[in-house]
Amino acid sequence: MGRGRAITVALGSLLAALAAGHLVAAFVGPTASPFLAVGNWVRDISPHPVTEWAKETFGTFDKTVLFIGVTVVVLGLAVVAGLVSRTRVWPGQAVAAGLGAIGFVAVLTRPDLGQLGFLAPTASLLVGVGGFRWLHGLAVAAGGTDYDRRRFMRVSAGVVVGAGVLGTIGQLIGNRVDIEASRRQVGRLRVAEPAPKLPADAAFPGTSSFITGNADFYRIDTALTVPRMTADDWRLRVHGLVDRELTFDFADIRGRKLIERPITMACVSNDVGGSLVSTANFIGIPLRDILDEAGVRSDADQLLSTSVDGFTAGSPVDAVLDPDRGAMLAIGMNDEPLPVEHGFPARLVVPGLYGYVSATKWVTDLELTTFAAQEGYWVPRGWSARGPIKTQSRIDSPQDGATTDRGMTVAGVAWAPTVGIDKVEVAVDGMWHTAELGAEVDLNTWRMWRVDLDLPAGDHRIAVRATDRTGHTQTDRYAPPAPDGATGWHTISISAR
Ligand SMILES: Nc1nc2c(c(=O)[nH]1)N[C@H]1C(S)=C(S)[C@@H](COP(=O)(O)O)O[C@H]1N2
Ligand SMILES: [Mo]
């Protein structure tokens with residue numbers, strides 16, 4: 001058969017296979033969709049330099065790019081499958097079976113699927129291999145009469161349209177778990193111990209706002225699709241090196257005395273001057289309370305928290321049990337139930353630890369274990385097992401490269417969660433000025449600063465460094481984010497006139 005027909009056979013059966021898997025996955029768990037599962041799988045097995053390169057090059061679009069990449073590779077394989085089957089059917093069927101097998105492995109290695117998860121890749125495999133055979137037969141026949149040729153064209157167009165319709169139906173059914181409805185049902189959380197009222201001088205003109213709105217709060221996670229777990233379905237299991245295993249449901253948590261605490265969270269991937277740091281009023285309960293109820297045994301030194309989608313983070317037990325640090329199991333954020341992207345129904349927040357070793361969203365499992373026995377998700381991927389947040393500061397205004405008046409104000413933020421900020425200094429062409437500090441709202445939050453300058457006309461370099469309350473001053477030695485957080489002074493160039 002001709003190339004065009006061969007490729008049509010392959011692409012038609014591929015689309016039908018993916019649509020069948022997607023549709024079945026809508027009933028057995030959306031992440032069982034072979035296409036999604038292969039995307040997740042490729043992400044998990046990608047070598048560290050590749051994922052870092054993708055993050056640096058594409059930022060938060062890295063996952064979209066991953067999807068496009070997987071799509072291109074799969075389409076390419078399908079085209080090959082078609083082209084090698086122009087005379088015989090079996091080579092293409094073999095490629096279809098191979099792709100189906102990859103989908104199978106990807107789905108079966110998902111940590112978040114029930115026993116029926118295998119049905120989705122099974123559907124894809126059968127439809128892919130069977131569909132290829134059927135279309136191939138029609139394509140061979142299409143070499144005969146005009147009637148057969150038109151029939152092949154009609155059938156392949158029908159297969160493509162049908163696959164689109166079934167895939168879309170699968171998508172709609174998969175989204176039927178109305179997570180926003182579950183959030184609305186949770187409604188207002190009644191807080192017994194509210195966060196302190198913000199003093200007027202917590203922030204200055206030109207700095208970030210002190211509390212980051214939920215829509216502006218930075219977001220980082222490995223989830224290709226946000227987990228859709230309702231409050232009713234949510235359970236939290238506490239087990240491992242404990243005296244008694246416990247399981248909590250959402251009502252158990254919200255029925256307790258809820259506290260509200262302002263906490264600054266930071267991502268280890270935040271480069272000097274970067275924006276992966278935000279502050280919110282988190283609502284929840286002290287994590288320590290439920291760990292104490294389970295009775296943490298003295299041989300446990302790591303709390304391994306697992307998300308419904310399989311992400312894991314390992315936090316030091318002394319940090320999560322330290323009453324002064326105030327680690328939380330959070331169910332709310334800035335007066336609302338947690339937004340879905342930030343972990344609804346529940347997440348962990350541990351002041352002073354980077355998110356990758358502490359802040360598990362959609363958390364469903366807390367295992368008391370040891371650092372020697374288990375590693376969190378990012379550790380085998382080149383990041384340090386321990387991730388205390390490093391003292392940092394950032395210039396928010398003016399922007400790098402700006403032209404300013406000679407009389408101007410430099411303003412920004414500094415953070416050293418758990419110990420607090422003692423001093424911020426700004427260097428103008430190497431001359432240090434001490435900045436005025438905003439109110440210290442909490443030792444676990446960032447602190448705003450500003451300094452008024454009167455500059456000679458011309459170009460200037462402005463750098464900032466903070467000193468925390470342990471007396472430690474930020475080093476000027478630049479270190480990149482990997483493996484345990486960036487160091488160095490945020491520096492900008494401006495021109496005054
Ligand atoms: N389930 C899950 N939780 C997660 C992650 C993730 O990939 N999956 N990423 C962590 C990282 S690296 C950070 S910095 C914080 C970010 O939380 P945010 O998106 O609410 O800002 O979440 C942490 N919790
Ligand atoms: Mo992070």
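The expected span of a helix is 1.5 Å times one less than its number of residues. Keep that in mind for the first view of this predicted model.

View 1. How far apart are the end C-alpha atoms of helix 6? Helix 6 covers residues 119-141, and its 23 residues should span 33 Å at 1.5 Å a residue; the end C-alpha atoms are 33 Å apart, which agrees. Look for its buried residues, among them Ala 120, Ala 123, Ser 124, Gly 128, Gly 131, Phe 132 and Leu 135. An α-helix has 3.6 residues a turn, so residues three or four places apart point the same way. The cover over the buried residues of helix 6 includes helix 1 (3-28), helix 2 (34-45), helix 4 (62-83), helix 5 (90-108) and helix 7 (146-174).

**View 2. The largest nonpolar core and Leu 366.** This core has 72 residues, and those touching the most other members are Phe 282, Leu 287, Leu 291, Leu 329, Leu 366 and Leu 368. Domain 2 (185-381) and domain 3 (392-496) each supply at least three residues to this core. Zoom in on Leu 366 and you'll find it touching, among others, Leu 236, Val 238, Leu 287, Ile 290, Leu 291 and Leu 348. There's also a second, separate core of 27 residues, including Val 9, Ala 10, Val 28 and Val 74.

**View 3. Trp 362 in its loop.** Trp 362 sits in the loop between strand 9 (347-349) and strand 10 (363-369). Is Trp 362 buried or exposed? Buried means under 20% relative accessible area, so Trp 362, at 3% relative accessibility, counts as buried. A polar atom of the Trp 362 side chain lies 2.9 Å from the backbone oxygen of Val 340.

Terms used:
Residues numbered from 1 in each chain as written. Chains lettered and ligands numbered in written order. Predicted model: local features only at pLDDT ≥ 70, side-chain atom pairs only at ≥ 80, totals over all residues. Heavy atoms only, no water. Core = buried A, V, L, I, M, F, W, Y, C linked by side-chain atoms within 4.5 Å. Buried < 20%, exposed > 50% of the residue type's maximum accessible area, 1.4 Å probe, protein only. Domains from an automatic or database assignment. Contact = heavy atoms within 4.5 Å. Helix = DSSP H or I, 4+ residues; strand = E, 2+ residues; numbered from the N terminus. Polar contact = N/O pair within 3.5 Å; in protein donor to acceptor, adjacent residues only side chain to side chain.
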